[in-house]
Amino acid sequence: MSKFLSDIEIGCLVANWDESDDDVECSDDENEMFMYETENYESIDSDINLDINSLPVIFEDEGEYITIPNNECSVINQPKLFDNEVLALDIYEPGPSSSNTYLDTSKNNKYEMNTCPNPSVIQSARYKSLRPKFSRKPIESTLVQNRIPKKQKTEEFKNLKWKTGNLMYEPQLIAHDENLLPNKILELSTPYQFFTYFFNEELFTKIKSESELFAAQIDINKKFSVTIDELKRYIGILMYNSVCVVPNVRDYWSEHLGLSHVYNSLSQKRFEEIRRFIHFNDNNKMLEKEDIHYDRLYKIRPLIDHLNNKFNSIPYPRDLSLDEQLCATKARSYLKKYMPAKPHKWGFEFFVLCDSKGFSYQFEIYSGQENDQRFRLLNEPDLGASSNIVVRLTRNIPRHKNHRIYFDNFYTSIPLASYLHQNGILCLGTVRKDRLPNNKIPNDQIIKKDARGKSYEYLTVYENTPMSVTSWKDNKQVNLLSTYCGSLPMLTANRFDKKLKKKINIDCPTVIKEYNRFMGGVDLLDSLIGRYKVRMRSRKWYMRIFYHLIDTSVVNSWLLYKRTQSQLGKPSKYTLVDWRKNLAYTLTRIGFVQTPTRGRPSLESNRKKQNRTRPTPRPTQDIRTDNIGHYINHIEKKGRCKFPNCKGYTNFQCSKCNVYLCVKSKRVCFTDYHIIK
């Protein structure tokens, strides 16, 4: 291998390294290669690279040739997984061998099979880690009721063979044509327009009708009605709650901590009334829990489906990552999970498909029902609980466009990689050794003797899908499975050497750099949401999800704005906090009408202010052009007209925008200001 590498020009890349969710250290950058041994070449140190799409594969053990076809692949048969595959339940299962097995949930909440010779230890570990403290239902009845039959291995999977080599693709075979944003997206310009692309009038109308119906179901004599403008102002107050945090929600209407944009938009009583009755689905149509079609997310289902459809309407980029996300809460709910390795240990678990910038294209909430047969499409195989998450979230990705998806070892399996490859989707992910049958990856004793930076690469073919497994030693061993790249060309990573007491460069496979470069999309989304998020508390479990989806929509609208500006070649002028403030101000002023007062003005309004007042903030474009509640007020003190390119002074002011505007026969700035965009 060293002889082969000496003939390649390798650029030195210094990367920032972080620990991933599966306790491995990885890196970032890309290139592709695939090299085989044939009967004409005795070792992999040959200077010739053989292309995967034109040459056969030789296996060292039996000398058997397997022809690799081009990208035209047949429809996948439903492959079977391992005997001891851990499915959607945290249950104890005896392993196929004579020794017993138990579930170890101590590592980042990733299920892992370990051997345990003592049955008493099995029982204690089983009931300690799996039975929730707050559950009054016996755990045995739950396990028997929800037990899923284990899957069997296929003969091809059992007899999987490996050989030493390097994965290589011609660039045109894995090329991707980037889809540009459509004109209807490029025409959006303001934060309000981008946000209402996701939270549109259709969704607000649905919330309005369901909220009024819910109020009537509680009390038929209760005359509750809400307008769409009031719902927008309610969400605008939630936006202010994310950037202006107060100890109690009612402090927004208090004398000392009150916020004028909040108490001028809705009264405290009206805000709490909307918060009490806001609803998203008809309770009378909800099925009983004993019904096989019962949906645990029924109360929030219309909102989930609507936002998924709107997020999916944005063209997908080439690189996508899939990971879990936690919506932190301590509300009482059957869906709440406990994850001791997370910073927030209690909450709802989301599975999110993002790009490398953090834009969320598809998400689903863990309810324990996702793996039911009724939620699986006819052409989708059953690959196991974890891999089925990837199958569902990638339904809307365009087929045979060479999109690349990245995930960690909770999802990675050989049948999943084969399914994605046959649909024209490339994948890369960390992988567990027990999911690679007959693998040749060196054990820990051999790895300990290797120098830091040593790597091994092995090739296999499963259901006409070529795959590469790369094992690399950094602080510890890292194993990655890929269908489009391998270890070559070898790059470099900067590490601190304890003996030399300085940083040195070590060899780093391309697949490691590639994984670390594009895998952090969901973590970036978590970071953007966590900086400014709705912190309002509620006893209703689905309200916490509602607030989380609002935050996700705000972040998505901001990232979509940055993408449109980049495509148009313009700089972005909004930071995330400025985006939220602008959006909160616009939403709280939507449909706001300030009725002009009658009679003589009070003496206090005629008093001259001794100190210089702050400049009046300019209204946003959406408020200025909504044609609602704009009246002409006569002010005794003149001010400069705020219409662009007008240098005149006037006594007239807009009652809603609070800006001076000329009202003359030759120059009607008041009318032009509220019409021109």
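## Strands and a hairpin

Two strands count as paired if DSSP finds at least two bridges between them; strands (E, at least two residues) and helices (H or I, at least four) are DSSP runs, numbered from the N terminus. The structure is a predicted model, in which local features need pLDDT of at least 70 and side-chain atom pairs count only at pLDDT 80 or more, while totals for chains, interfaces and linings use all residues. Residues are numbered from 1 along each chain as its sequence is written, and side-chain values use heavy atoms, with hydrogens and water left out.

Strand β17 (residues 491–497) pairs with strand β18 (residues 502–508) in the antiparallel sense, over seven bridges. F496 has K503 in β18 as its bridge partner. The hairpin of β17 and β18 has four residues between the strands, and K501 takes a positive phi near 55° there.

## Salt bridges

Side chains of opposite charge can pair when their charged atoms come close. A salt bridge here is a side-chain nitrogen of Lys or Arg within 4 Å of a carboxyl oxygen of Asp or Glu. The whole structure contains 21 salt bridges.

D474 and R495 form one of them, with the closest N and O atoms 3.0 Å apart. Because D474 lies in the loop between β15 (465–473) and β16 (477–482) and R495 in strand β17, the pair ties together parts that are 21 residues apart in sequence. Both D474 and R495 are buried, where buried means under 20% relative accessible area, exposed over 50%, and partly exposed in between (1.4 Å probe, protein chains only). Salt bridges that share partners also join K222, E230, R270 and E273 into one network.

D382 and R376 meet through their side chains in a salt bridge of 3.5 Å, N to O. D382 is buried at a relative accessible area of 18%, and R376 is buried at 14%.

Another salt bridge links K158 to E155, with 4.0 Å between the closest N and O atoms. K158 and E155 are three residues apart in helix α4 (residues 155–158), so about one helical turn separates them. K158 is partly exposed at 39% relative accessibility, whereas E155 is exposed, with a relative accessible area of 53%.

## Two buried strand residues

F407 is in strand β12 (residues 403–407). With 1% relative accessibility, F407 is buried. Contact means heavy atoms within 4.5 Å. Not counting residues up to four places away in sequence, F407 touches L322, V390, T412, L416, L420, C427, L428, G429, T430, Y515 and M519. From F407 to E324 the C-alpha to C-alpha distance is 9.7 Å, and the two are 83 residues apart in sequence.

Q362 belongs to strand β11 (residues 360–365). The relative accessible area of Q362 is 12%, so this residue is buried. Leaving aside neighbours within four places in sequence, the contacts of Q362 are N308, N312, F351, V352, L353, L393 and N396.

## Cysteines

A disulfide is a covalent bond between the sulfur atoms of two cysteines. The cut-off used for a disulfide is a pair of cysteine sulfur atoms within 2.5 Å, and the structure holds zero disulfides.

C654 has its closest cysteine sulfur in C657, at 3.8 Å from its own sulfur, which is too far for a bond. C654 is buried, with a relative accessible area of 0%, and C657 is buried at 2%.
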